[in-house]
Amino acid sequence: MRNLICLSIIFFLITTVVFSQTDNTLTSKEKKEGWIILFDGVSTNGWTNTRGEAAPLSGWEIKNGCINTVPGGRGGDIITENEYSDFELLVDYNITPGCNSGVKYFFTTYENGGNLGCEFQILDDISGTDNKEADHLCGSFYDVLPPIESKKKVNPPGEWNTIRVVAKGKNVEHWLNGVKILEYTRGDKVFTDAVSDSKFNKTVPAFGTVEKGHILLQYHGGLVSFKNIKIKVL
């Protein structure tokens with residue numbers, strides 16, 4: 001009995017350490033796997049606005065280990081200084097009711113079309129105003145491909161959700177809270193047809209086919225918080 005109690009205490013201590021990882025840090029395992037922290041919880045180091053201007057970044061504030069939008073602050077989107085091609089990206093987010101935001105990847109300047117990126121849509125599907133089309137709902141490849149709603153498990157506004165995007169070659173996956181909700185292949189017929197039906201159908205080169213780009217956090221007017229933003233180059 002005494003041995004059983006001791007083992008229980010040891011298990012409790014181990015699980016407490018494992019599940020109490022400090023936000024915006026890497027575990028030893030993550031470091032060995034090559035993960036990189038993109039937001040350190042205290043500064044905007046490594047981020048600029050879309051014009052390449054560094055901090056201070058209007059419309060954003062850092063509070064309690066999160067980088068938050070400032071509603072009404074006339075802010076703009078912010079992007080990583082570095083560009084990425086094959087990668088795995090993790091982002092935790094929390095929104096207020098009705099909020100609309102997003103995380104973009106492969107963000108770059110198109111020859112025709114301006115500054116664009118593929119967007120993992122963040123939306124309050126219940127009370128967000130942009131909830132009428134399937135490819136505008138939370139987890140979608142915005143305006144191009146919808147998520148699989150039957151698989152989607154999204155926590156309500158006020159609670160944290162975890163985005164995972166995996167891009168390897170032409171294949172891209174959207175994950176939400178540990179569940180894969182969308183997968184597509186850039187350049188295949190399904191992708192090409194969906195882009196042709198989207199508002200991105202006149203870009204040059206074809207939208208979403210660029211080889212690399214920045215990671216972008218979208219400023220859309222609502223209050224959204226981000227933390228634990230990390231990436232692994234594949």
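**Ground rules.** I number residues from 1 along each chain as its sequence is written. Since the model is predicted, local features need pLDDT of at least 70 and side-chain atom pairs count only at pLDDT 80 or more, while totals for chains, interfaces and linings use all residues, and side-chain values use heavy atoms, with hydrogens and water left out.

**Sheet.** I started with the strands, which, like helices, are DSSP runs numbered from the N terminus (helices: H or I, at least four residues; strands: E, at least two). Five of them make an open sheet, ordered 2-5-12-7-8, with antiparallel pairing. I call two strands paired if DSSP finds at least two bridges between them. Strand 2 (47-49) and strand 8 (114-123) sit at the edges with a single partner strand each, so one side of each has no neighbour in the sheet. From one strand to the next the twist averages 30 degrees (axes are lines fitted to C-alpha atoms, for helices over the stretch in contact, and angles run from 0 to 180 degrees between N-to-C directions). I then checked strand 2 against strand 5 (residues 78-80): three bridges join them, and they run antiparallel. Trp47 stands opposite Thr80 of strand 5.

**Aromatic pairs.** I searched the whole structure and got 11 pairs. Rings of Phe, Tyr and Trp (its six-membered ring) pair if their centres lie within 6.5 Å; planes under 30 degrees apart are stacked, over 60 edge-to-face, the rest tilted. Trp60 and Tyr219 have ring centres 6.3 Å apart and planes at 65 degrees, so I logged them as edge-to-face. This pair links distant parts of the chain, 159 residues apart: Trp60 is in strand 3 (residues 60-63), and Tyr219 is in the loop between strand 12 (214-217) and strand 13 (224-233). Trp60 is buried at 10% relative accessibility, and Tyr219 is buried at 13% (buried is under 20% relative accessible area, exposed over 50%, partly exposed in between; 1.4 Å probe, protein chains only).

Next I looked at Phe87 and Phe106, whose centres are 5.7 Å apart with planes at 65 degrees, so that pair is edge-to-face too. Phe87 belongs to strand 6 (residues 87-95) and Phe106 to strand 7 (residues 100-110), so the pair ties together parts 19 residues apart in sequence. Both Phe87 and Phe106 are buried. I also found Arg186 over the face of Phe106, 4.2 Å from the ring centre (for a charge over a ring, NZ of Lys or CZ of Arg is within 6 Å of the ring centre and within 35 degrees of the ring normal).

**Helix 3.** In helix 3 (residues 189-196), I found Phe191, Ala194 and Val195 buried. Down the helix axis, the buried residues fall within an arc of 100 degrees, so they line one face (the arc is that of the directions from the axis to the C-beta atoms). They pack against strand 11 (179-185).

**A buried lysine.** Lys232 is in strand 13. Lys232 is buried, with a relative accessible area of 16%. Leaving out residues up to four places away in sequence, Lys232 touches Glu33, Gly34, Trp35, Asp86, Phe87 and Glu88 (contact is heavy atoms within 4.5 Å).

Most residues other than glycine have a negative phi, and most peptide bonds are trans. I noted a cis peptide bond between Val204 and Pro205, omega about -5 degrees. Asn64, not a glycine, has a positive phi of about 55 degrees, and is exposed at 72% relative accessible area.
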